[in-house]
Amino acid sequence: MPLKANRSKAIKELDVTYPQMTEEQEKAAAEQATAKAQADQAAAAAKAKSDALAAAQKAATDAQANLAKLQASN
(Lines give C-alpha, C1' and ligand atoms only; values in the text may rest on other atoms or scores of the structure.)
Protein backbone atom coordinates (compact mmCIF):
# COMPACT_ATOMS: atom_id res chain seq x y z
CA MET A 1 0.00 0.00 0.00
CA PRO A 2 1.41 3.40 -0.91
CA LEU A 3 2.66 5.65 1.86
CA LYS A 4 -0.09 8.24 1.33
CA ALA A 5 -2.82 5.60 1.59
CA ASN A 6 -1.30 4.17 4.79
CA ARG A 7 -1.08 7.67 6.26
CA SER A 8 -4.69 8.47 5.33
CA LYS A 9 -5.92 5.20 6.82
CA ALA A 10 -4.03 5.80 10.07
CA ILE A 11 -5.41 9.35 10.31
CA LYS A 12 -8.96 8.08 9.77
CA GLU A 13 -8.46 5.48 12.52
CA LEU A 14 -7.25 8.21 14.87
CA ASP A 15 -10.17 10.41 13.87
CA VAL A 16 -12.63 7.72 14.93
CA THR A 17 -10.85 7.28 18.26
CA TYR A 18 -10.29 10.97 18.96
CA PRO A 19 -12.88 12.93 16.96
CA GLN A 20 -12.25 16.32 18.62
CA MET A 21 -8.51 16.89 18.51
CA THR A 22 -6.89 20.29 18.66
CA GLU A 23 -4.89 21.51 15.68
CA GLU A 24 -1.66 20.66 17.52
CA GLN A 25 -2.95 17.18 18.30
CA GLU A 26 -3.99 16.71 14.69
CA LYS A 27 -0.51 17.73 13.53
CA ALA A 28 1.10 15.30 15.99
CA ALA A 29 -1.31 12.56 14.88
CA ALA A 30 -0.48 13.23 11.24
CA GLU A 31 3.24 13.03 12.00
CA GLN A 32 2.68 9.82 13.93
CA ALA A 33 0.59 8.40 11.09
CA THR A 34 3.30 9.32 8.60
CA ALA A 35 5.96 7.66 10.75
CA LYS A 36 3.83 4.52 11.08
CA ALA A 37 3.19 4.44 7.33
CA GLN A 38 6.91 4.79 6.65
CA ALA A 39 7.69 2.02 9.13
CA ASP A 40 5.08 -0.24 7.53
CA GLN A 41 6.52 0.50 4.09
CA ALA A 42 10.06 -0.22 5.31
CA ALA A 43 8.90 -3.49 6.86
CA ALA A 44 7.24 -4.53 3.60
CA ALA A 45 10.42 -3.70 1.67
CA ALA A 46 12.54 -5.68 4.14
CA LYS A 47 10.22 -8.67 3.83
CA ALA A 48 10.38 -8.49 0.04
CA LYS A 49 14.19 -8.45 0.19
CA SER A 50 14.18 -11.33 2.65
CA ASP A 51 11.84 -13.35 0.43
CA ALA A 52 14.03 -12.64 -2.61
CA LEU A 53 17.15 -13.71 -0.70
CA ALA A 54 15.46 -16.93 0.42
CA ALA A 55 14.43 -17.68 -3.17
CA ALA A 56 17.97 -17.03 -4.42
CA GLN A 57 19.43 -19.27 -1.73
CA LYS A 58 17.00 -22.05 -2.63
CA ALA A 59 17.87 -21.70 -6.31
CA ALA A 60 21.59 -21.91 -5.48
CA THR A 61 21.04 -24.98 -3.30
CA ASP A 62 18.97 -26.64 -6.02
CA ALA A 63 21.64 -25.84 -8.62
CA GLN A 64 24.34 -27.36 -6.41
CA ALA A 65 22.23 -30.49 -5.91
CA ASN A 66 21.66 -30.79 -9.66
CA LEU A 67 25.38 -30.34 -10.33
CA ALA A 68 26.22 -33.03 -7.79
CA LYS A 69 23.74 -35.40 -9.47
CA LEU A 70 25.27 -34.70 -12.88
CA GLN A 71 28.78 -35.24 -11.59
CA ALA A 72 27.75 -38.48 -9.89
CA SER A 73 26.15 -39.81 -13.07
CA ASN A 74 29.30 -39.20 -15.15
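**Figure 1. Helix H2 in the predicted model.** Helix H2 is made up of 51 residues and spans 74 Å from its first C-alpha to its last, close to the 75 Å expected at 1.5 Å a residue, where the expected span is 1.5 Å times one less than the number of residues in the helix. The chain contains 2 helices and 0 strands, assigned as DSSP runs (H or I of at least four residues for helices, E of at least two for strands) and numbered from the N terminus. The model is predicted, with local features requiring pLDDT of at least 70 and side-chain atom pairs counted only at pLDDT 80 or more, whereas totals for chains, interfaces and linings use all residues. Residues are numbered from 1 along each chain as its sequence is written, and side-chain values use heavy atoms, with hydrogens and water left out.

**Figure 2. Surface and buried residues.** The accessible surface of the chain comes to about 6,100 Å², and 58% of this belongs to carbon and sulfur atoms, as computed by the Shrake-Rupley method with a 1.4 Å probe. Of the 74 residues of the chain, 9% count as buried (buried is under 20% relative accessible area, exposed over 50%, and partly exposed in between, with a 1.4 Å probe and protein chains only). In H2, Ala-29, Ala-30, Ala-33 and Ala-37 are buried.

**Figure 3. The salt bridge between Lys-36 and Asp-40.** The structure holds 3 salt bridges, each defined by a side-chain nitrogen of Lys or Arg within 4 Å of a carboxyl oxygen of Asp or Glu. In this view, the side chains of Lys-36 and Asp-40 meet at 2.9 Å, N to O. The two residues are 4 residues apart in helix H2 (residues 23-73), and are thus separated by about one helical turn. Lys-36 is partly exposed at a relative accessible area of 44%, and Asp-40 is also partly exposed, at 35%.

**Figure 4. The salt bridge between Lys-47 and Asp-51.** The closest N and O atoms of Lys-47 and Asp-51 are 2.9 Å apart. About one helical turn separates Lys-47 from Asp-51, since they stand 4 residues apart in helix H2. Asp-51 has a relative accessibility of 40% and counts as partly exposed.

**Figure 5. The salt bridge between Lys-58 and Asp-62.** Here the closest N and O atoms of Asp-62 and Lys-58 lie 2.8 Å apart, and both residues belong to helix H2, where they are 4 residues apart, about one turn of the helix. Lys-58 counts as exposed at 53% relative accessibility, whereas Asp-62, at 33%, counts as partly exposed.
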